[in-house]
Amino acid sequence: MLILTEKPSVAQAFADALGGFQKSKENGWLYRGDADCIVAAHGHLLELFMPEDYNPNLKKWTLDTLPIIPNQMRYKPIPDPKTNSLKIIGQALKTFGHDNFILATDAEREGELIGYLILKHLGFTGWNTARRFWVSEALTPEVVKKGLAAAKPLLQYKTYRDAGLARSQADWLVGMNFSRLLSISTGTLLSFGRVQTAVLGAIYARDMGIKNFKPTPYQQLLVTVDKNGHPFTMLFEKDGQNRFEPKNPILAKATTILSSGRVLVQDVSRQQKSLQPPQLLNITGLQKICSQKYSLSPAETLELAQSLYEKHKCLSYPRTPSIVLGDENVDLFKTKYELLSPLYPELSAGCLPESISQSNKRIFNSSKLKDHHALIPLAPLPETASKKESLVYEVVLERFFTSIKSPHVYESVSITASKDSFQLKAAGKIILQNGWKGTQSDEEENPEQELPPLKKGDSLAIRKAEILDKQTQPKKHFTEASILALMENPRNEDETSGKLVGLGTPATRADILEKLLKREYITVDKKNLLISDKGIFLMQTILQVPELAQLVTIQTTTAWEEQLESTPELFLESMKNMLTTKLPSMKVEKKWEKPSIGSCPLCKNGKVVAGEKNWYCSRYKDGCSFTLWKNVSGAKLSDTDLQQLLEGKTTRPKKMKSKAGKEFSARLKLLQDGKVDFIFDKKK
């Protein structure tokens with residue numbers, strides 16, 4: 001038996017579960033006698049050819065070579081000098097044969113692609129007899145043994161492989177061709193991605209909407225009333241409206257009447273509502289909560305969850321899109337509840353063990369299960385876990401317990417009261433049963449006010465009346481949490497579309513945001529995602545070309561995602577057809593101009609612009625020699641530091657190192673010749 005895993009740590013988990021395996025000093029195999037071997041990859045070991053790999057002439061970026069569409073997409077080994085994984089896997093196949101083979105890469109589309117590409121590259125011949133290990137639980141010994149016993153023929157997972165191939169090849173075709181088109185035409189390196197640029201487009205549209213938003217002022221009359229020592233607020237309303245133009249005379253009159261005395265309740269309408277406990281988490285839900293509560297980036301949350309799954313074995317498979325378990329997982333849930341509830345009594349308080357039943361379709365629903373079941377804790381958090389790992393674990397643990405608590409039951413109440421024909425209205429709720437909300441840290445953005453028991457004919461004492469000066473507000477900037485929510489459940493900015501297929505996958509969404517940040521198309525400011533100057537330039541360049549602009553809309557991108565899920569082969573062909581028919585007619589005329597940070601201190605006429613490792617004068621071709629490195633003796637300078645230097649000011653003290661390796665602290669100042677001087681603070 002030969003088993004191929006995606007990572008060495010997973011290979012070790014298999015060896016520990018099966019027992020009797022030794023590690024080869026020569027090649028790192030885990031082997032048991034002459035018949036059994038476990039060998040590991042290190043994630044992706046192959047990548048798609050670059051254009052110049054097909055034709056050396058394509059190394060030069062020119063418009064007349066576009067579109068680049070190879071007749072057959074080919075893969076090549078990723079340089080791997082440290083582990084030499086492909087060679088080691090090939091040796092294992094040669095030694096142990098192809099007939100009794102089990103693929104145990106991650107149980108998802110990407111894991112299937114990783115395994116397929118390795119086997120194809122190595123000339124694997126055992127496709128008809130190979131089996132697939134496919135589980136989403138942490139790899140405890142019991143799970144490994146059970147999964148191996150239940151392994152199905154590898155060919156049954158062909159749809160995952162085909163979708164993975166179509167996705168990677170389409171992304172290459174779209175990214176390679178449109179990145180070249182935009183970069184060549186504008187004169188600067190720009191990156192275009194099938195999903196990445198659609199996400200950037202949503203951030204751009206939101207930011208431009210906020211920038212161009214013109215607030216409209218209005219006023220409201222807020223009246224505080226009291227029922228037996230329970231104060232609450234009501235709004236003055238006329239003709240169904242509670243917003244009025246500033247200095248509307250009706251407000252002044254209403255304020256006079258409603259500033260004192262009592263109002264009479266004219267009508268009370270009640271509707272009992274029940275808010276079910278939230279469902280289990282998928283990776284996107286976990287990333288949203290960790291971003292909001294702990295300011296962890298989506299990529300960091302995914303990495304921590306992966307460690308809890310892979311290293312500590314206390315969390316189920318993290319890269320899951322599902323918020324339910326399968327119908328057959330009732331015993332799994334019950335076992336973990338019985339294990340964990342005594343250890344975490346505060347979090348498990350109020351749980352209803354009887355709701356762990358196959359009839360509870362909010363938890364156990366195979367018809368809504370995708371690839372892997374929802375995130376659940378599988379074991380107590382080990383003491384060796386880091387602080388950040390514990391934060392991620394506790395979010396999953398809290399949701400696990402909350403999912404089987406009683407509903408939050410309340411009455412939604414609407415009240416109408418009046419005095420001298422002036423009408424007041426209020427809405428709120430009366431809590432009948434706190435349920436799960438009484439045991440979970442729940443922070444509502446706009447909580448409803450709690451009202452006292454009321455009935456028609458009640459007399460309410462007026463405590464005060466005040467006119468509120470307000471203005472209409474734009475939508476909020478996207479945060480990492482809210483952009484993840486959009487990617488999971490996309491809607492157009494005008495919110496006219498219904499539910500659409502998600503952008504990307506739960507496993508790739510964090511990486512998309514990381515790329516946008518790394519390529520400096522967006523920045524993060526107090527959790528807000530903001531479009532950068534470079535991002536604005538890219539989007540405005542794209543939007544000037546109608547055929548190109550259509551490709552970065554939410555609707556187009558989600559339609560691609562839907563087709564990728566249903567018919568991957570047709571999806572790939574449609575990408576090729578789009579490039580063949582549309583790209584040749586696209587004309588990009590916008591030219592990139594590097595943003596100026598200030599005037600050149602040497603020639604006085606040029607502008608200081610940013611390079612990759614330095615700042616320099618825009619008139620360098622005319623002979624201006626001004627250059628300032630972004631790293632000075634180990635201290636990294638920011639744009640703010642540069643602006644201070646250009647204004648003749650000194651920077652704040654910087655920690656630096658001399659050529660001899662001695663640490664020192666000094667301020668920096670720009671001399672008249674454009675060189676940097678060190679200013680040392682005098683000792684007291």
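**A first look around**

Analyst: Let's start with Q306, which is found in helix α10, residues 298-310. Helices here are DSSP runs of H or I with at least four residues, strands are E runs of at least two, and both are numbered from the N terminus. This is a predicted model, where local features need pLDDT of at least 70, side-chain atom pairs count only at pLDDT 80 or more, and totals for chains, interfaces and linings use all residues. Residues are numbered from 1 along each chain as its sequence is written, and side-chain values use heavy atoms, with hydrogens and water left out.

User: Is Q306 buried or exposed?
Analyst: Q306 is buried, with a relative accessible area of 9%. Buried means under 20% relative accessible area, exposed means over 50%, and partly exposed is in between, using a 1.4 Å probe and protein chains only.

User: What does Q306 touch?
Analyst: Leaving out residues up to four places away in sequence, Q306 touches K7, K311, P318 and R319. A contact means heavy atoms within 4.5 Å.

User: Switching to P77, where does that lie?
Analyst: P77 lies in strand β6, residues 75-77. P77 counts as partly exposed, at 38% relative accessibility. With residues up to four places away in sequence not counted, P77 touches L45, L46, E47, L86 and H121.

User: And how many Å apart are P77 and V588?
Analyst: They're 35 Å apart in space, C-alpha to C-alpha, and 511 residues apart in sequence.

User: Zooming out, how many helices and strands does the chain have?
Analyst: There are 20 helices and 26 strands. Of the 684 residues, 49% count as buried. The C-alpha atoms fill a box of roughly 95 × 80 × 70 Å along the principal axes. If you take contacts between residues at least 6 apart in sequence, 70% of them join residues at least 24 apart.

User: OK, helix α19: which residues are buried there?
Analyst: P568, F571, L572, M575, K576, M578 and L579 are the buried residues of α19. They sit on the same side of α19 because they cover an arc of only 155° around the axis; that arc is of the directions from the helix axis to the C-beta atoms.

User: What do they pack against?
Analyst: Against α6 (158-186) and α18 (554-566). As for α19 itself, residues 568-582, it has 15 residues and reaches 21 Å from first C-alpha to last, close to the 21 Å expected at 1.5 Å a residue. That expected span is 1.5 Å times one less than the number of residues.

User: How many aromatic pairs are there?
Analyst: A search of the whole structure finds 23 aromatic pairs. One of them is F124 with W127, edge-to-face at 5.1 Å centre to centre and 90° between the planes. Rings of Phe, Tyr and Trp (its six-membered ring) pair if their centres lie within 6.5 Å; planes under 30 degrees apart are stacked, over 60 edge-to-face, and the rest tilted.

User: What about F236 and F244?
Analyst: Those are stacked, 5.5 Å centre to centre with 20° between the planes, and both F236 and F244 are buried.

User: Which residues do ring pairs link into a cluster?
Analyst: F333, Y337, F364, F400 and F401.

User: Last one: which ring does the charged end of K429 sit over?
Analyst: The ring of Y410, 5.1 Å from its centre. To count, NZ of Lys or CZ of Arg must be within 6 Å of the ring centre and within 35 degrees of the ring normal.
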